[in-house]
Amino acid sequence: MENKIKEYREKSGLSQGKLAEKCNVSRQTINAIENNKYDPSLQLAFDIARTLKVTMEELFISEKGGK
């Protein structure tokens, strides 16, 4: 599943480390998610979306033909 985490994180002025800290994960986890090497758990996806103040639909792109 592709995502726009990096785009929204940068708009929010957060580093990977700061976003990771707010979501209680490692910076490496955020990096792997941003680079589509790891799909987050549903809970982590909600935590990231809430932290970045966006909806899940804005943050994640379905491989089945979403934007």
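Colleague: Against which helices do the buried residues of α2 pack?

Modeller: The structure is a predicted model. In α2, the buried residues are Gln16, Leu19, Ala20 and Cys23. The helices against which these buried residues pack are α1, α3 and α4.

Colleague: Within what arc do the buried residues of α2 fall, seen down the axis of the helix?

Modeller: Gln16, Leu19, Ala20 and Cys23 are the buried residues of α2. They line one face of the helix, because their directions, seen down its axis, fall within an arc of 100 degrees.

Colleague: Which residues are exposed on the other side of α2?

Modeller: The buried residues of α2 line one face of the helix. On the other side, the exposed residues are Glu21 and Lys22.

Colleague: With which residues is Leu19 in contact, leaving aside its neighbours within four places in sequence?

Modeller: Leu19 is one of the buried residues of α2, and it is also among the residues with the most contacts inside the largest nonpolar core. Leaving aside neighbours within four places in sequence, its contacts are Ile5, Arg9, Leu14, Ile30, Ile48, Thr51 and Leu52.

Colleague: Which element gives the largest share of the largest nonpolar core?

Modeller: This core has 17 residues, and those with the most contacts inside it are Ile5, Leu19, Ile48, Leu52, Leu59 and Phe60. Two or more residues are given to the core by each of α1, α2, α3, α4 and α5. The largest share, five residues, comes from α4.

Colleague: Is Asp47 buried or exposed?

Modeller: Asp47 is found in helix α4, and its side chain is joined to that of Arg50 by a polar contact of 2.5 Å. The cut-off for a buried residue is under 20% relative accessible area. At 16% relative accessibility, Asp47 therefore counts as buried.

Colleague: Which elements are included in what covers the buried residues of α3?

Modeller: Helix α3 spans residues 27–34, and its buried residues are Ile30, Ala32, Ile33 and Glu34. Just after this helix, Asn36 takes a positive phi of about 55 degrees. What covers the buried residues of α3 includes β1, α1, α2 and α4.

Colleague: How many Å apart are the end C-alpha atoms of residues 5–59?

Modeller: An unreviewed UniProt entry places the feature "domain: HTH cro/C1-type" at residues 5–59. Over these residues the chain is 69% helix and 0% strand. The end C-alpha atoms are apart by 6 Å.

Definitions and conventions: Residues numbered from 1 in each chain as written. Predicted model: local features only at pLDDT ≥ 70, side-chain atom pairs only at ≥ 80, totals over all residues. Heavy atoms only, no water. Buried < 20%, exposed > 50% of the residue type's maximum accessible area, 1.4 Å probe, protein only. Helix = DSSP H or I, 4+ residues; strand = E, 2+ residues; numbered from the N terminus. Contact = heavy atoms within 4.5 Å. Core = buried A, V, L, I, M, F, W, Y, C linked by side-chain atoms within 4.5 Å. Arc of directions from axis to C-beta. Polar contact = N/O pair within 3.5 Å; in protein donor to acceptor, adjacent residues only side chain to side chain. UniProt positions renumbered as here; feature names shortened; annotations may be inferred.
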